[in-house]
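Here is a short briefing on aromatic side chains and their surroundings. Keep the structure open while you read.

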Amino acid sequence: MPSSISSSNIVMGATENFDRPGFIRLTASDRPGVAQPVPVRDVPVQPWGRIFLIAFALFIVMLSGWEYYWRDYGVVPAYANSNDSWAAQRRRIDQGEGNSTVLIGSSRVLFDLQLPVWESVTGKRPIQLALEGTSPVPILEDLADDLQFTGRLLIGVVPGLFFSGSAFRGDAIPYYHKQSLSQRSGHWLSQHFVEPYFAFFDGDYALNTVIKRQPWPARPGVPQRMSVRKLAVSESDRNTHMWQKVETDPEYQTLTRSIWAQNFTGPPPPNINTPEKLQKSIDIQISRAVAAIAKLRARGVRLTFIRLPSSGDFYAFENKVFPRSQTWDVLLQRTGATGIHFEDYAALQGYDLPEWSHLSASEAKRFTALLAPLVEQEFNRQEQLAARP
């Protein structure tokens with residue numbers, strides 16, 4: 001044992017002396033009666049450059065593996081359909097494009113109407129403001145209060161969302177009004193340096209999301225419900241089309257249908273779980289639409305409703321719970337607005353809806369090419385009527 005003793009330990013009643021290595025800081029026991037100073041931890045001499053390179057290499061390997069895994073599954077890089085993305089499109093109205101054609105609604109308007117096709121038919125690219133899983137009524141009210149908006153408005157109606165007031169993405173509207181500069185800059189950086197290049201950045205394949213949807217043991221009293229999975233791919237201006245895997249992978253297609261089926265077989269939401277509550281909800285949503293449309297018409301906005309196709313069990317459910325005569329027809333009658341219902345036009349029927357609710361990517365292009373002229377004709381008709389003395 002070296003002769004330079006720096007401290008001692010009492011172990012099993014015996015005194016053991018030892019040399020304290022230089023990189024271990026002194027403690028209060030080494031200085032009895034002396035106040036403990038602020039500790040200073042000595043950094044041991046290590047090959048930090050080599051350690052950093054090894055850690056970075058491991059990070060790249062693991063990141064590449066995660067990316068490869070999801071690309072092999074069929075995920076492709078795409079722009080996030082986030083609140084930031086919606087806010088960026090909403091802001092265009094207040095930045096000089098208030099006279100544009102604006103599309104609002106739920107996921108059917110978002111997935112089924114293709115902006116490049118609409119532009120090729122009409123010469124103008126619409127602003128896409130539809131939000132999946134969300135009634136367009138809150139967006140309708142927001143636009144009604146925005147005096148900068150004086151253009152044309154197409155309002156999508158998914159019966160189960162519109163007349164129940166469902167607002168899965170309702171927070172996008174207040175987010176737009178409160179969005180900070182740092183949030184805007186973060187969105188810009190994400191769109192330019194992350195989203196176009198990394199497939200795993202998709203929210204449906206975030207690690208915490210993947211972990212949550214593993215088949216964990218059921219907990220008593222906790223309802224078991226599958227969340228909606230990835231269905232579509234978006235571009236920077238929110239032009240969106242169905243993800244190819246929904247169309248071509250029978251197992252994934254069955255999964256998406258089973259998720260929709262939860263709405264048909266499970267208990268209805270509390271706000272519409274009785275006939276009286278359902279009727280009250282329908283009346284409230286139509287009344288909100290009536291008030292908003294009155295504001296829009298007062299400043300010359302042209303608008304029309306659109307009921308896009310559904311099929312299979314989804315279509316049967318909508319007709320059973322939200323029959324046209326009690327919802328769509330009443331909506332048009334009370335608002336005094338026109339509407340385009342796919343049941344009334346042969347050209348808007350007979351399309352492929354792989355999971356009963358949305359058109360396949362190729363069918364969405366064909367559908368948009370036939371729908372856009374009908375909508376434009378209706379808008380032009382309204383303008384001609386308004387121009388008459």
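**Aromatic pairs in helix α1**

W66 and Y69 both sit in helix α1, three residues apart, or about one turn of the helix. The model is predicted. The structure holds 22 aromatic pairs. W66 and Y69 form one of them, a stacked pair with 6.4 Å centre to centre and 15° between the planes.

**Exposure of the stacked pair**
- W66 is partly exposed, at 27% relative accessibility.
- Y69 is partly exposed too, with a relative accessible area of 49%.

**W70 and Y73**
- The ring centres of W70 and Y73 are 5.7 Å apart with planes at 85°, so this pair is edge-to-face.
- W70 and Y73 are separated by about one helical turn, because they lie three residues apart in helix α1.
- W70 is buried, at 6% relative accessible area, whereas Y73 is partly exposed, at 29%.

**Cluster and charges**
- Ring pairs join W66, Y69, W70, Y73, Y205, W243 and Y252 into a cluster.
- K245 lies over the face of Y73, 4.0 Å from the ring centre.
- K230 lies over the face of W243, 5.4 Å from the ring centre.

**Nonpolar patch**
- F52, L53, F56, F59 and I60 make a nonpolar surface patch of about 530 Å².
- F59 belongs to helix α1, residues 48–73.
- F59 counts as partly exposed, at 45% relative accessibility.

**A buried glutamine**
- Q285 lies in helix α12, residues 275–298.
- Q285 is buried, with a relative accessible area of 6%.
- Leaving aside residues up to four places away in sequence, Q285 touches V137, F162, F163, S164 and G165.

How values were computed: Residues numbered from 1 in each chain as written. Predicted model: local features only at pLDDT ≥ 70, side-chain atom pairs only at ≥ 80, totals over all residues. Heavy atoms only, no water. Patch = residues over 30% accessible without salt bridge, like charges linked within 9 Å, V, L, I, M, F, W, Y side chains within 5 Å. Areas by Shrake-Rupley, 256 points an atom, 1.4 Å probe, with all protein chains shown as cover. Salt bridge = Lys/Arg side-chain N within 4 Å of Asp/Glu carboxyl O. Helix = DSSP H or I, 4+ residues; strand = E, 2+ residues; numbered from the N terminus. Buried < 20%, exposed > 50% of the residue type's maximum accessible area, 1.4 Å probe, protein only. Contact = heavy atoms within 4.5 Å. Phe/Tyr/Trp six-rings, centres within 6.5 Å; stacked < 30°, edge-to-face > 60°. Lys NZ or Arg CZ within 6 Å of the ring centre and 35° of its normal.
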